[in-house]
Amino acid sequence: MRTRVKICGFTRVEDAVFAANLGVDAIGLVFYPPSPRHVDIEQAINIVKALPAFTTVVALFVDEQEARIREVLQHVPVDCIQFHGDESAQACRLYGKRYIKALSMRKDTDVLALAEHYHDAAGLLLDAYHPNAKGGTGNQFDWELIPKVCPLPIVLAGGLDVFNVNQAIDQVRPYAIDVSSGVEAAKGIKDFDAMAAFIKTINESDRKLT
């Protein structure tokens, strides 16, 4: 099985287009004002308009008001929503869109119980816990916390880069990899060489597993 790739936190059109042409499966747009990778609706529209066909657009929200989410969805062609806060399963289902639920991984995080709670999610994104940030920290968590079998697709995030993604794929065998800070020149500014190397490493890892 090929490991899917999502790169998150785009703020510039040229970065997203370059990533799409590399073959990433999805680009992530962050609609969370405290984040340095936050985009407004106009920025998001411009990025999505420039993307080639077959590139999935994921909109990331953190405990956002329903009205604001609906406003974004009204203007931005979004394929999937990523809920990165403490949203209930009921709240995730309000918009008639496929959704990914992010989990902040701690020692006591019960992934299987949460998979049952969010049973209709398109995937569970497992990220490093941080008391003051919601993703994009560059921190890695203990992959041993991930169950070997899960009823939902696992999207692995948290401190991934070209130096450890091969090990991550070999150890976890996730459905997809999600990266943000690991391919950046600065927060919200992607590094073209880093993105290319990251994708190349994942493709090489997949070939070794086949």
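I take contact to mean heavy atoms within 4.5 Å. The model I consulted is a predicted one.

**Entry 1: α6 against α7**

With that cut-off I listed the residues that join helix α6 to helix α7. From α6 I noted Val165, Asn166, Ile169 and Asp170. They meet Phe198, Thr201, Ile202, Ser205, Asp206, Lys208 and Leu209 in α7. By residue class, I recorded five nonpolar, three polar and three charged members of this contact.

I then looked up the geometry. Helix α6 covers residues 165-172, and its packing angle with α7 is about 35 degrees. The axes of α6 and α7 lie 9 Å apart.

**Entry 2: α1 against α7**

I next turned to helix α1, residues 13-22, which packs on α7, residues 192-209. Here the angle is about 25 degrees and the axes are 10 Å apart. Angles under 35 degrees count as roughly parallel; α1 and α7 are therefore roughly parallel to each other. I recorded the passage of α1 over α7 as a right-handed crossing.

Which residues make this contact? On the α1 side I found Glu14, Asp15, Phe18, Ala19 and Leu22. On the α7 side I found Phe192, Met195, Ala196 and Ile199. I counted seven of the contact residues as nonpolar, two as charged and none as polar.

**Entry 3: the barrel**

I followed the strands in order and found a closed barrel of eight, running β1-β2-β3-β4-β5-β6-β7-β8. The pairing in this barrel is parallel. On average, neighbouring strands of the sheet are turned by 25 degrees against each other, with direction ignored.

I examined one pairing in detail. How many bridges join β3 to β4? I found four, between β3 (residues 56-61) and β4 (residues 80-83), and the two strands run parallel. Within this pairing, I noted that alanine 59 stands opposite isoleucine 81 of β4. As a reminder to myself, strands of a sheet pair through backbone hydrogen bonds.

**Entry 4: aromatic pairs**

I found four aromatic pairs in the structure. One of them is formed by phenylalanine 83 and tyrosine 99, with the ring centres 6.1 Å apart and 70 degrees between the planes.

Phenylalanine 83 belongs to strand β4 and tyrosine 99 to strand β5, residues 98-105. The two residues are 16 residues apart, and the pair links distant parts of the chain.

Conventions. Residues are numbered from 1 along each chain as its sequence is written. This is a predicted model: local features need pLDDT of at least 70, side-chain atom pairs count only at pLDDT 80 or more; totals for chains, interfaces and linings use all residues. Side-chain values use heavy atoms; hydrogens and water are left out. Axes are lines fitted to C-alpha atoms, for helices over the stretch in contact, and angles run from 0 to 180 degrees between N-to-C directions. Angles under 35 degrees count as roughly parallel, over 145 as roughly antiparallel, 65 to 115 as roughly perpendicular and the rest as oblique. A crossing is left-handed if the near helix is turned anticlockwise from the far one by less than a right angle, and right-handed if clockwise. Ala, Val, Leu, Ile, Met, Phe, Trp, Tyr, Cys and Pro count as nonpolar, Asp, Glu, Lys and Arg as charged, and the others, Gly among them, as polar. Two strands pair if DSSP finds at least two bridges between them. Rings of Phe, Tyr and Trp (its six-membered ring) pair if their centres lie within 6.5 Å; planes under 30 degrees apart count as stacked, over 60 as edge-to-face and the rest as tilted.
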